[in-house]
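Have the sequence and the 3D view open as you read.

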Amino acid sequence: MQVVSLYRHPIKSFPAEPCDALEIDTNGRVTGDRVLGFRFDDAGPPNDVKWRRKTWFASLQHTPALALLRCGYDSATRRAWIKFLDSDELVEGSIDEPGDRLRFEHHLNRWYAELDGTPFAMGRRKLPLRLVGNGTDGRFHDTSAGLTTLHSRESLSDLAKAAGMSAISELRFRSNIAIEGCDPWEEFGWIGRKIRIGEVDFKVRKTVVRCLATHVDPASGARDIDVMGTLTRIIGQDEPQFAVSLKAQNSGTIRIGDEVAVM
């Protein structure tokens, strides 16, 4: 088995940033992953960065159009960028400059306020969305543990077959690591075991229960496949699960092509 793709998500629930390598820091988290987020104003002041559920953030779960954005973050220079594909507008700047952070907020809020069906449009949350996070600490994962996630391409292919599709983009699932070379769903059998990927040892903690974000086509920003229903009704899972979460045991680097060894 080997690593075939790596991803990080600098801004919570925004599209993935493909990587040739991932660094696992001394806290056991992917460097630069979920280090920023756009949080609703009624979630609290921007300097309060304690963990909160994703419903308090601009999230694919309730705002499929977020798939129409592209973003990136350079951990060394601490500069970020967001591109709005529907207008070809590009916003970039330093997350350490208050003026640049305000520009990010201004452009995103202007775009977000025009969308239908969002928590704001339905009166459930308040704008403006505030840019939160220091660009270093990965505080904005779906769970407070901030685990690394992994799926196999074989499981992805089996899911596509069950859904009657020739292929399904793995970007729907927002994993950090995609591997090849195992049987479909084999990774579910690794719960409680240790695996080694590149320089890093992990303990496989649990399967990942999925939400409506997986129904969104990463290319169009529209909900087009009932992934949750396919996992439960067709594949027969009790809960809709795809990918597993990993707890890193040490820091180090993971690269595309690295062997995956189950211990």
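## Charges, contacts and loops

Arg 52 is buried, with a relative accessible area of 13%. Here, buried means under 20% relative accessible area, exposed means over 50%, and partly exposed is anything in between, using a 1.4 Å probe and protein chains only. A quick note before going on: this is a predicted model, where local features need pLDDT of at least 70 and side-chain atom pairs count only at pLDDT 80 or more, while totals for chains, interfaces and linings use all residues. Residues are numbered from 1 along each chain as its sequence is written, and side-chain values use heavy atoms, with hydrogens and water left out.

Back to Arg 52, which pairs up with Asp 48 in a salt bridge. That term stands for a side-chain nitrogen of Lys or Arg within 4 Å of a carboxyl oxygen of Asp or Glu. Why do such pairs form? Side chains of opposite charge can pair when their charged atoms come close. Asp 48 counts as partly exposed because its relative accessibility is 22%.

How many salt bridges does the structure hold? The count is 18. Here are three of them:

| Salt bridge | Closest N and O atoms |
|---|---|
| Arg 52 and Asp 48 | 2.8 Å |
| Glu 17 and Arg 8 | 2.7 Å |
| Arg 130 and Asp 41 | 3.1 Å |

In the pair of Glu 17 and Arg 8, both residues are buried. Strands are DSSP runs of E, at least two residues long, and they are numbered from the N terminus. Arg 130 is partly exposed at 26% relative accessible area, and Asp 41 is partly exposed at 30%. There's also a network of salt bridges, which links Lys 12, Lys 54 and Asp 142.

Which residues form a positive surface patch? They are Lys 194, Lys 203, Arg 205 and Lys 206. Patch residues have over 30% relative accessible area and no salt bridge, and like charges are joined within 9 Å. Lys and Arg count as positive, and the place of a charge is taken as NZ of Lys or CZ of Arg. The areas come from the Shrake-Rupley method with a 1.4 Å probe. Strand β12 (residues 200-209) gives the most to this patch, with three residues.

Lys 206 is partly exposed at 43% relative accessible area, whereas Thr 207 is buried at 18%. The side chain of Thr 207 makes a polar contact with the side chain of Gln 241, at 2.4 Å. A polar contact is a pair of N or O atoms within 3.5 Å; within protein, one must be able to donate a hydrogen and the other to accept it, and residues adjacent in sequence count only if both atoms are side-chain atoms.

Glu 186 sits in the loop between β10 (177-180) and β11 (194-197), and counts as partly exposed at 30% relative accessibility. A polar atom of the Glu 186 side chain lies 2.8 Å from the backbone nitrogen of Asp 183. Glu 186 and Glu 154 are 32 residues apart in sequence and 8.8 Å apart in space, C-alpha to C-alpha. Leu 85 is found in the loop between β6 (79-84) and β7 (89-94), and is partly exposed at 39% relative accessible area.

Note on methods: Patch = residues over 30% accessible without salt bridge, like charges linked within 9 Å, V, L, I, M, F, W, Y side chains within 5 Å. Helix = DSSP H or I, 4+ residues; strand = E, 2+ residues; numbered from the N terminus.
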